[in-house]
Amino acid sequence: MIILTRVDHRLLHGQVAFSWTQSLGADCILIANDDVPNNEVRKTTIKLAKPQGVKLVIKNIEDSIAALKSGVTDKYKLFIVVESVKDAYKLAEAYPEIKIINLGGTKVKEGTRSIGKAVNVLPEEEELLKKLVAQGVEVEIRQVPNDKKVNVTEVL
């Protein structure tokens, strides 16, 4: 069962590993990213941030979709973390059971605008977020679980 899908350019770090995992009661974290499975430095860093007693799975986007569709993740309280809005969109398009996406942190880069604390999106990402909302996905902005939940429709 997917508890939450989070967009965070840092992927797994203290905030995600501990406050979110505990708050959600997740017993498995899926890092869905096309770079990390082949990048030993990033993979090692992520493994070091894994909370004790929580399973960590690192797969590329395509393999993540295949795992979700196969049912092998069904037995877990699954917390999915992706690096970008685009990756979250790909997962949600391919696997409609993703009903909630949390925007927790996206980098400032040329052409982005800030839509919340630590959340910056490009115009094309805004369009993807609007499509997700139109498909019935709840998209919210929060860095940590105790922050006030801001619905993305309030800021787009």
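These legends go with close-up views of one predicted model.

**How to read the views.** Residues count from 1 along each chain as its sequence is written, and side-chain values use heavy atoms, with hydrogens and water left out. In this predicted model, local features need pLDDT of at least 70, side-chain atom pairs count only at pLDDT 80 or more, and totals for chains, interfaces and linings use all residues.

**View 1. The annotated stretch, residues 1–156.** An unreviewed UniProt entry gives the annotation "domain: PTS EIIB type-4" for residues 1–156. UniProt positions are given in the numbering used here, feature names are shortened, and annotations may be inferred rather than shown by experiment. Over residues 1–156, the chain is 34% helix and 26% strand. The end C-alpha atoms lie 29 Å apart. Helices (H or I, at least four residues) and strands (E, at least two) are DSSP runs, numbered from the N terminus.

**View 2. An open sheet of seven strands.** The strand order is β3-β2-β4-β1-β5-β8-β9, and the pairing is mixed. Two strands pair if DSSP finds at least two bridges between them. The edge strands, β3 (55–59) and β9 (150–151), each pair on one side only. Helix α2 (residues 40–49) packs on the sheet and touches β2 and β3. The direction of α2 makes about 160° with that of β3.

**View 3. Pairs within the sheet.** Strands β2 (residues 28–32) and β4 (residues 78–82) are parallel and share five bridges. Ile 31 stands opposite Val 81 in β4. Strands β5 (residues 100–105) and β8 (residues 138–141) also run parallel, joined by four bridges. Here Asn 102 has Glu 140 in β8 as its bridge partner. β8 and β9 are antiparallel, with two bridges. Ile 141 stands opposite Val 150 in β9.

**View 4. The β6 and β7 hairpin.** Strand β6 (residues 113–116) runs antiparallel to strand β7 (residues 119–121), and three bridges join them. Arg 113 stands opposite Val 121 in β7. Two residues lie between the strands. Ala 118 in the turn has a positive phi of about 65°.

**View 5. Helix α3 against helix α4.** Two packed helices are described by the angle between their axes and the distance between the axes. Axes are lines fitted to C-alpha atoms, for helices over the stretch in contact, and angles run from 0 to 180 degrees between N-to-C directions. Helix α3 (residues 61–70) and helix α4 (residues 85–94) pack at about 30°, with axes 10 Å apart. The two are therefore roughly parallel (angles under 35 degrees count as roughly parallel, over 145 as roughly antiparallel, 65 to 115 as roughly perpendicular and the rest as oblique). Their crossing is right-handed. A crossing is right-handed if the near helix is turned clockwise from the far one by less than a right angle, and left-handed if anticlockwise. Ile 61, Ser 64, Ile 65, Leu 68 and Lys 69 in α3 meet Asp 87, Lys 90, Leu 91 and Ala 94 in α4; contact means heavy atoms within 4.5 Å.

**View 6. Helix α4 against helix α5.** The axes of α4 and helix α5 (residues 123–134) come within 9 Å and cross at roughly 30°. These helices are therefore roughly parallel. The crossing is left-handed. Val 85, Lys 86, Tyr 89 and Ala 92 in α4 meet Glu 125, Leu 128, Leu 129, Lys 131 and Leu 132 in α5.
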